[in-house]
Amino acid sequence: MTTDSDKPEVGPCGIVCGFCPLGSGAVAETAERARGFLEGCNIPDWAPLVSEEGCGIDWHQVVEGLEWMRRYALCPGCESGGGPPDCPIRVCAREKGLDLCSFCGELESCGNFGWLGDRGEEMKDAMRRARGVSREEYVNALQGGKSGEG
Ligand code: SF4
């Protein structure tokens, strides 16, 4: 997901939203497609003929779940009000007026990444490596190098 113009959304933790399946819309799109296949291919009709497990599935609930994902499993990104509302990283960076935690003088001692477990440590390391790099350079480097962030 992007903000105005083509400026990619980036969380202060360094997640580039376009690389996240929730931020890119991949989850919501996949749910919509799956629902289309479910109904278009009449899967509930022939599922019981294929395997015993196919008899016990509440397909109505499956459709409801996919519809929920289509509508809500879509994150607009931290910069646009998405993301976990109480994320301490976002709250803190916003208070400090920082786009990225790599600009923060307290990064080394920061405990705000802890709630994300091992993933948080990886993100903190990424922010350490991004010291001295502008937001745009950081995004460009990720876009040129990998697409699985998030
Ligand atoms: S203290 Fe610095 S590194 Fe930690 S969350 Fe706040 S802005 Fe980011």
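**Close-up views of the predicted model**

**View 1. Gly-82 counts as partly exposed, with 18 C-beta neighbours inside 10 Å.** The model shown in this and the following views is a predicted one. Gly-82 belongs to the loop that joins helix 3 (59-72) to helix 4. Leaving aside residues up to four places away in sequence, Gly-82 touches Cys-75, Pro-76 and Gly-77. The category of partly exposed applies to Gly-82 because its 18 neighbours fall between the limit of 12 or fewer for an exposed residue and that of 20 or more for a buried one.

**View 2. The protein chain contains six helices and zero strands.** Read from the N terminus, the order of elements is α-α-α-α-α-α. The radius of gyration of the protein chain is 20 Å, well over the 15 Å that the globule rule gives for 150 residues, so the chain is more spread out than a compact globule. The C-alpha trace extends over about 60 × 30 × 25 Å along its principal axes. Of the 150 residues in the protein chain, 23% are buried. Among contacts with a separation of 6 or more, 64% link residues 24 or more positions apart.

**View 3. The domain assignment divides the protein chain into domain 1 (1-25 + 76-150) and domain 2 (26-73).** The centres of domain 1 and domain 2, taken over C-alpha atoms, are 34 Å apart. Four residues from domain 1 and five residues from domain 2 take part in the contact. On the side of domain 1 that touches domain 2 there are two nonpolar residues, two polar residues and no charged residues.

**View 4. The ligand is surrounded by residues that include Cys-92, Cys-101, Cys-104 and Cys-110.** Pro-12, Ile-89, Ala-93, Leu-98 and Leu-107 also surround the ligand, as do Lys-96, Glu-106 and Asn-112. Sorted by class, this shell comprises nine nonpolar residues, one polar residue and two charged residues.

**View 5. The largest nonpolar core holds 17 residues.** The residues with the most contacts inside this core are Val-10, Ile-15, Val-16, Cys-17, Leu-100 and Cys-101. Helix 4 (88-96) and helix 6 (135-145) each contribute at least two residues to the core. Helix 6 gives the most, with three residues. In soluble globular proteins, nonpolar side chains tend to be buried together.

**View 6. Pro-8 counts as buried, with 20 C-beta neighbours inside 10 Å.** Pro-8 is located in the segment before helix 1 (26-40). The C-alpha atoms of Pro-8 and Val-139 are separated by 7.7 Å, while the two residues are 131 residues apart along the chain. The count for Pro-8 is 20, and Pro-8 is therefore assigned to the buried class, which requires 20 or more.

**View 7. Asn-42 has a positive phi of about 50° although it is not a glycine.** Asn-42 is placed in the loop between helix 1 and helix 2 (43-50). With 10 other C-beta atoms within 10 Å, Asn-42 is exposed; the exposed class takes residues with 12 or fewer.

**View 8. Pro-48 is found in helix 2.** With 13 C-beta neighbours inside 10 Å, Pro-48 counts as partly exposed. Gly-54 and Cys-55 are touched by Pro-48, when residues up to four places away in sequence are not counted.

Key. Residues are numbered from 1 along each chain as its sequence is written. This is a predicted model: local features need pLDDT of at least 70, side-chain atom pairs count only at pLDDT 80 or more; totals for chains, interfaces and linings use all residues. Domain bounds come from an automatic or database domain assignment. Two residues are in contact if their C-beta atoms, placed from the backbone, lie within 7 Å. Ala, Val, Leu, Ile, Met, Phe, Trp, Tyr, Cys and Pro count as nonpolar, Asp, Glu, Lys and Arg as charged, and the others, Gly among them, as polar. A residue is near a molecule or strand if its C-beta atom, placed from the backbone, lies within 6 Å of it. Helices (H or I, at least four residues) and strands (E, at least two) are DSSP runs, numbered from the N terminus. The radius of gyration is taken over C-alpha atoms; the globule rule is 2.2 Å times the number of residues to the power 0.38. A nonpolar core is a set of buried Ala, Val, Leu, Ile, Met, Phe, Trp, Tyr and Cys residues joined through C-beta atoms within 7 Å.
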